Every structure is written in C-alpha cells, then in structure tokens.
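Here is a short briefing on a structure. Look through it first, then read the points below.

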Amino acid sequence: MTVTTTSPSLPPGRKHRKTEKILLDIGRFLVVLVTTYLGLLAVTFFIGRVIPIDPVLAVLGDRAPASAIARVREEMGLDLPLWQQFFLYVRQILSGDFGTSVLTTNPVLTDIARVFPATLELATFGTVIGTLLGIPLGVLAAVKRGTLIDQLVRLVGLVGYSVPIFWLALLSLLLFYAKLGWVAFPGRIDIVYEYTFTPITQIFLLDALLQRQWDVAWDVFRHIVLPGSLLGYFSMAYISRMTRSFMLNELAQEYVVAARAKGLSESRIIWSHALRNAAVPLVTVIALSYAGLLEGSVLTETVFSWPGLGLYITNSLQSADMNAVLGSTLAIGSAFIALNLLSDLLYRTLDPRTRTR
Amino acid sequence: MSALLTVENLKVHYPTRSGLIQAVRGVSFTLGRERLGIVGESGSGKSQTGRAIMGLTAPQALISADRLEFQGQDLLTLSPRERRALRGRRIAMILQDPKYSLNPVMTIGRQIVETLRTHESVTKAEAKRRALEMLEAVQIRDPERVFGLYPHEVSGGMGQRAMIAMMLICGPELMIADEPTSALDVTVQLEVLNILDGLVAKRGMGLIFVSHDLRLVSSFCDRVLVMYAGRVVEELSSGALSEAKHPYTRGLLDCVPKVGESRHPLPVLDRKPEWAA
C-alpha cells in the first residue's frame with residue numbers, strides 16, 4: 001500500500017513502448033480498413049453476379065452471334081470459377097478500373113470524380129446546417145424540458161422526419177423559386193457561368209470563394225441554399241432529437257450536481273460539462289447522418305436536378321448500367337467507411353476512457 | 001457561540017401527480033464550527049436536508065423554513081446568483097461516489113482549478129499552484145501526476161480525495177458531506193475520513209456529515225441527529241449513544257452485531273407509524 005511505482009521522470013523503456021503502441025494502433029487500423037473493404041467488394045461483386053443483367057448482353061446487345069457472345073464471355077473472365085472472378089474483380093478495382101459506363105461512355109471513375117463532389121458539397125452544406133441548428137435546439141429542449149419550447153422543438157423535429165422530402169422539396173421550389181424568385185434552379189450553377197468558371201476542387205462554393213469570383217459564389221449559393229437547407233432540416237430533426245436525449249441523460253448525472261455545488265453558472269454546466277459529455281455519442285450520430293445524406297439524397301437530387309451521385313445512380317439504374325451502379329455503390333461505401341473511421345478517431349479524442357493507454 | 005448555520009422548521013416538499021411528497025417535515029438545528037452527524041435510513045430526508053441547505057434540490061421542490069440562516073444571512077431570500085456565489089466558496093458539498101460525481105471527460109486538475117477560478121480571479125499558474133497544494137493537503141503523494149489524470153484513471157479513494165480537494169480549495173466555512181465514504185472500501189473509508197477530519201479541524205470549518213452508518217458517524221462527529229420519515233427523532237452527543245431514548249434509535253443500535261455473540265432470532269428494525277406523526 002505504501003509502495004508507489006510511479007516516478008516523476010519517465011523510465012527509459014517508456015518512450016520506446018509508446019512508439020510501439022502507435023505502430024500497433026496503425027496496424028490495427030489498417031487491418032480493419034482492409035477487411036471492411038474486402039467485405040464491401042464482396043458485396044458489390046455478389047450483387048453484380050446475382051442481378052438478372054447479363055454483362056455480355058449489355059455490351060453486345062441481344063442480336064450478337066453466339067460465337068461473339070462466347071468470346072466476350074471468355075474475355076471478361078466470366079467462364080472462370082467464382083473465386084477467380086472475385087480475385088480479378090478486386091485486382092481491377094485496385095488498379096482503378098471500374099469499367100465503362102454504358103450510359104455516358106466515360107470510365108466510371110471519371111464520372112464519379114465529376115458527380116461525387118456535387119453530392120459531397122450538398123451533404124456537407126446540409127450537415128453543417130443540421131449540426132449548427134440541431135445541437136443548440138436539442139440542448140435548449142433538454143434544459144427547458146416539458147415547457148412550450150421543448151414541445152415546439154420536438155414538433156419541428158417530428159415534422160422533419162415524418163414529412164417526405166420530395167414533397168417538401170417541390171413545395172419549397174414552388175414558393176421560393178416560382179413565386180418569390182429568391183433561389184436559383186435547376187442544378188448547381190447558372191448556365192452562364194458553366195463555361196467561364198473553372199473549378200479546382202469541384203466543390204463549387206469553395207472554388208468560387210478561393211478564386212474571389214463573388215458573383216459566381218453568390219450564384220452557386222442561390223442554387224445550393226434550398227436543397228442544402230432541406231437536407232439540413234432533415235438532419236437537424238435527427239440531431240436535435242438525439243442531442244435532447246443525450247443531454248437529458250447527462251444532466252441527470254451526479255457530476256452535474258457536483259458542478260452546481262462548486263457554484264458554476266448554469267451555462268457553464270450545460271455547455272462545458274454536460275454537452276462536452278454528450279458530444280461523445282453525438283459524434284457518431286452526426287457522422288451517420290452525414291453518411292446518410294451522402295448516399296440518400298437521391299430524391300432531393302432528382303427534384304433539384306442536382307448533378308450528384310444520387311442522380312447518377314438513379315439514371316444508371318434505369319438504364320441497367322451495371323458498372324456505373326456498382327462503382328457508385330463502392331464510392332458510397334468508401335464514404336461510409338471513411339466517415340466511420342473519422343468518427344472513431346474523434347470519439348477517442350473526445351472520450352479519454354476509450355483511449356488505449 | 002455564534003452559529004454558523006441556523007435551521008428552524010425546514011420543510012422540503014415535492015408536488016407530484018399523486019399529491020404532495022413531504023421529504024423533510026420540519027427539521028431544526030443549529031451548527032457551530034463543529035461536526036454534526038445526520039443519520040437515518042433511505043428516504044428519511046437526510047440527504048434532502050443537506051441539499052436544501054446547499055440550494056441544490058430539484059427545481060420543482062417547495063422549500064420553506066422559519067429560519068434558514070448561514071452566518072446571519074437568510075438563504076431563502078437570496079437571489080439564485082447570490083446563492084451560487086456562496087456555493088463552492090463558503091458552503092461546499094462532497095458527494096457519495098467519485099466515479100459519478102467527477103466529470104469523466106475533464107482532468108482532475110482542471111476540475112479543481114475550475115472551482116477556484118469561478119470564485120476568485122487568479123492567474124492560471126497561480127490556480128495550478130494552489131490546486132497542487134490542495135492535492136498535497138488531501139495526502140496525494142504525486143500531485144503533479146494526479147493533476148493531469150482523468151477520473152477513471154484513479155482509484156475510488158484517490159477520486160474522493162480529489163473531490164475533497166475540489167470542494168475545499170476556496171476555503172469554505174461549511175462543508176456538507178453526503179455519504180462521503182459509502183462507496184469506498186472499508187480500509188480506504190478510514191483514510192478518507194481522517195483526511196477530511198484533519199482538514200475540518202485545521203481550518204475550523206463546520207461539517208454536516210450525512211450517513212446511514214450510525215457507528216461511523218458517532219465515532220467521527222461531535223453530535224448526531226437521528227432522522228426518521230423527514231423529522232429529527234433524537235439528538236445525541238456522540239459519547240452518549242448508549243443513552244439513546246427513542247425506540248427507533250435503540251432499534252438501530254440493537255441491530256449492530258457484536259463479535260462473539262450469537263443472537264437468535266436476529267433483531268428486526270421496528271417502524272411505528274406514530275413516530276412519523
């Protein structure tokens with residue numbers, strides 16, 4: 001009981017062990033990444049084989065002679081055993097070959113590089129709005145639990161996740177575009193600028209601001225503000241609801257009583273004690289909602305003719321463009337994996353209990 | 001003797017859908033710079049009494065008293081802001097389990113410094129120096145290291161010492177300890193109690209020690225209030241425990257086992273409705 005094992009100066013082996021620990025962490029991280037990706041590839045591969053679209057017919061059309069069909073089948077490796085096909089598929093993907101889109105005749109990877117930033121921009125816009133509004137509203141509702149404010153926040157949230165987005169999108173277009181003329185439509189940018197504006201990162205808002213083209217930035221903003229706000233509203237509904245419940249849970253904890261006993265102000269207790277604890281699970285919620293917007297804004301993109309991944313997938317699906325669909329699925333999956341890893345990392349920095357010592 | 005705290009006919013009521021719950025029903029006592037124990041079973045109102053003095057009862061609680069004065073200051077007429085300024089600076093409170101009462105995502109050092117900087121304007125370096133001093137005062141051997149640790153990285157005893165440091169750093173005159181050792185191992189309990197006792201004696205603070213452990217309280221405090229169903233049923237000086245007259249207190253004392261004695265049947269605590277009347 002009287003023996004202390006810690007000494008003020010670091011023992012010589014400690015630093016070495018620390019780098020070892022970090023290397024181990026990175027190794028673990030890579031293993032997780034690789035296995036998750038293999039799983040994802042297995043799923044897309046499997047989908048590609050089970051759906052009733054013959055890739056050979058998709059290329060040759062249904063009037064090709066049997067000999068040609070057999071030759072192409074062999075060229076595409078479709079006569080090989082399944083595991084070899086999978087191996088080929090993985091190798092193809094790793095070398096960046098996602099195949100060619102039948103619909104656009106471009107390599108799928110080029111298409112995705114063009115449409116994904118549009119979706120990313122829209123989803124980011126929505127998530128930023130959803131987070132900036134959702135967290136304060138959720139906190140407010142939790143602190144004023146049971147009051148009119150709480151009921152109002154919950155009502156706004158309830159509407160947010162029960163109203164179909166395409167309906168809200170059409171109505172808001174009718175009001176803000178057709179009647180009031182406050183916003184621009186359709187697409188991401190006015191046709192006037194389409195040929196004069198050369199984007200760098202493909203995130204138009206950022207590009208226009210970086211190039212100090214204020215008129216372009218304003219036009220891009222007028223295009224994104226309505227679909228972005230709608231997605232933001234839906235994400236806000238979810239985030240505020242989760243924030244409220246996490247905050248109620250934290251505010252009932254003993255450390256909040258202790259913070260009051262210390263004489264701290266209510267605002268300090270709420271924002272830097274309770275919310276700081278609620279932030280830990282909130283990170284996961286926000287990341288999931290962000291990922292949801294990245295994949296699930298199909299309806300919004302269709303209504304607003306937003307040239308993003310959602311629209312691209314929809315069009316590809318309708319014309320049975322398998323390579324494009326599978327490539328987009330991979331892109332969405334990658335975004336999901338990336339966001340998950342990011343939220344895991346954030347989780348660790350926010351919660352000292354989950355850090356490996 | 002000037003009283004540090006005067007409580008007269010304190011009542012804490014909670015309105016609920018099924019009627020008024022009377023948690024504390026007229027508690028009176030005065031406290032000097034001494035150690036007062038409040039004992040009682042769960043739901044006897046002992047913790048609620050402590051929280052009412054702190055001003056930390058739930059917002060829907062109805063609190064009334066003929067007098068509730070801290071050093072001549074009427075606590076019930078103070079504004080929330082003035083009440084808050086008292087908390088942590090002149091009246092402090094230790095909670096039961098450091099596992100829950102310390103903020104898990106904040107280092108121990110920051111939590112101690114936070115109390116100090118809420119009530120006094122001191123520089124960061126000065127605050128840290130005083131926090132380290134305080135950690136040393138609660139007999140933490142390696143204050144520099146513990147300062148940077150998170151609550152989950154220390155033992156229960158260490159956590160409770162950090163809690164004491166956090167609450168004592170502004171030098172309060174009154175300390176309310178709400179079951180401060182109930183969550184600790186028996187061996188650590190005495191250590192923590194000795195530290196608390198030493199600091200209370202050295203600084204001449206008043207202490208209200210809320211506990212369900214009659215023996216512990218009587219060996220540690222100068223006076224003991226026994227509460228039952230929201231009322232004080234008996235007040236004893238701790239040396240005179242054996243002279244307890246109230247049947248409830250007698251019952252409590254009877255339940256304490258003695259080494260080498262076998263009792264059949266085991267005594268059962270009596271609860272008579274008329275005691276609560």
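**Surface patch and overview**

Leu148(A), Leu152(A), Leu155(A), Leu158(A), Val159(A) and Tyr161(A) make a nonpolar surface patch of about 570 Å². The model is predicted. The predictor gives the complex an ipTM of 0.90 and a pTM of 0.85. Chain B has an average pLDDT of 89, and 99% of the residues reach at least 70.

- Leu155(A) belongs to helix α6 of chain A, which spans residues 148-162.
- Leu155(A) has a relative accessible area of 47%, so the residue counts as partly exposed.

**Nonpolar cores**

- In soluble globular proteins, nonpolar side chains tend to be buried together.
- The largest nonpolar core here has 94 residues. Those with the most contacts inside this core are Leu5(B), Phe29(B), Ile53(B), Leu174(B), Ile208(B) and Phe209(B).
- Helix α7 of chain B, residues 156-168, gives the most to this core, with eight residues.
- What does Leu174(B) contact, leaving aside its neighbours within four places in sequence? Its partners include Leu4(B), Leu5(B), Leu31(B), Ile53(B) and Phe70(B). Arg90(B), Ile91(B) and Ala92(B) are also among them.

**Helices of chain A**

- Thr44(A) sits in helix α1 of chain A, residues 12-50.
- Is Thr44(A) buried or exposed? Its relative accessible area is 1%, which is under the 20% limit, so Thr44(A) is buried.
- Not counting residues up to four places away in sequence, Thr44(A) touches Tyr89(A), Leu326(A), Thr329(A) and Leu330(A).
- Helix α11 of chain A, residues 254-261, is mostly covered, with six of its eight residues buried.
- The buried residues in α11(A) are Tyr255(A), Val256(A), Val257(A), Ala258(A), Ala259(A) and Ala261(A).
- Gly263(A) follows α11(A) and has a positive phi, near 90 degrees.

**A loop in chain B**

- Where is Arg263(B) placed? Arg263(B) is in the loop between α10 (247-254) and α11 (273-276) of chain B.
- Arg263(B) has 24% relative accessibility, so this residue counts as partly exposed.
- Apart from its neighbours within four places in sequence, Arg263(B) is in contact with Asp254(B), Cys255(B), Val256(B) and Pro257(B).

Technical notes: Residues numbered from 1 in each chain as written. Chains lettered and ligands numbered in written order. Predicted model: local features only at pLDDT ≥ 70, side-chain atom pairs only at ≥ 80, totals over all residues. Heavy atoms only, no water. Patch = residues over 30% accessible without salt bridge, like charges linked within 9 Å, V, L, I, M, F, W, Y side chains within 5 Å. Areas by Shrake-Rupley, 256 points an atom, 1.4 Å probe, with all protein chains shown as cover. Salt bridge = Lys/Arg side-chain N within 4 Å of Asp/Glu carboxyl O. Helix = DSSP H or I, 4+ residues; strand = E, 2+ residues; numbered from the N terminus. Buried < 20%, exposed > 50% of the residue type's maximum accessible area, 1.4 Å probe, protein only. Core = buried A, V, L, I, M, F, W, Y, C linked by side-chain atoms within 4.5 Å. Contact = heavy atoms within 4.5 Å. pLDDT = per-residue confidence, 0-100.
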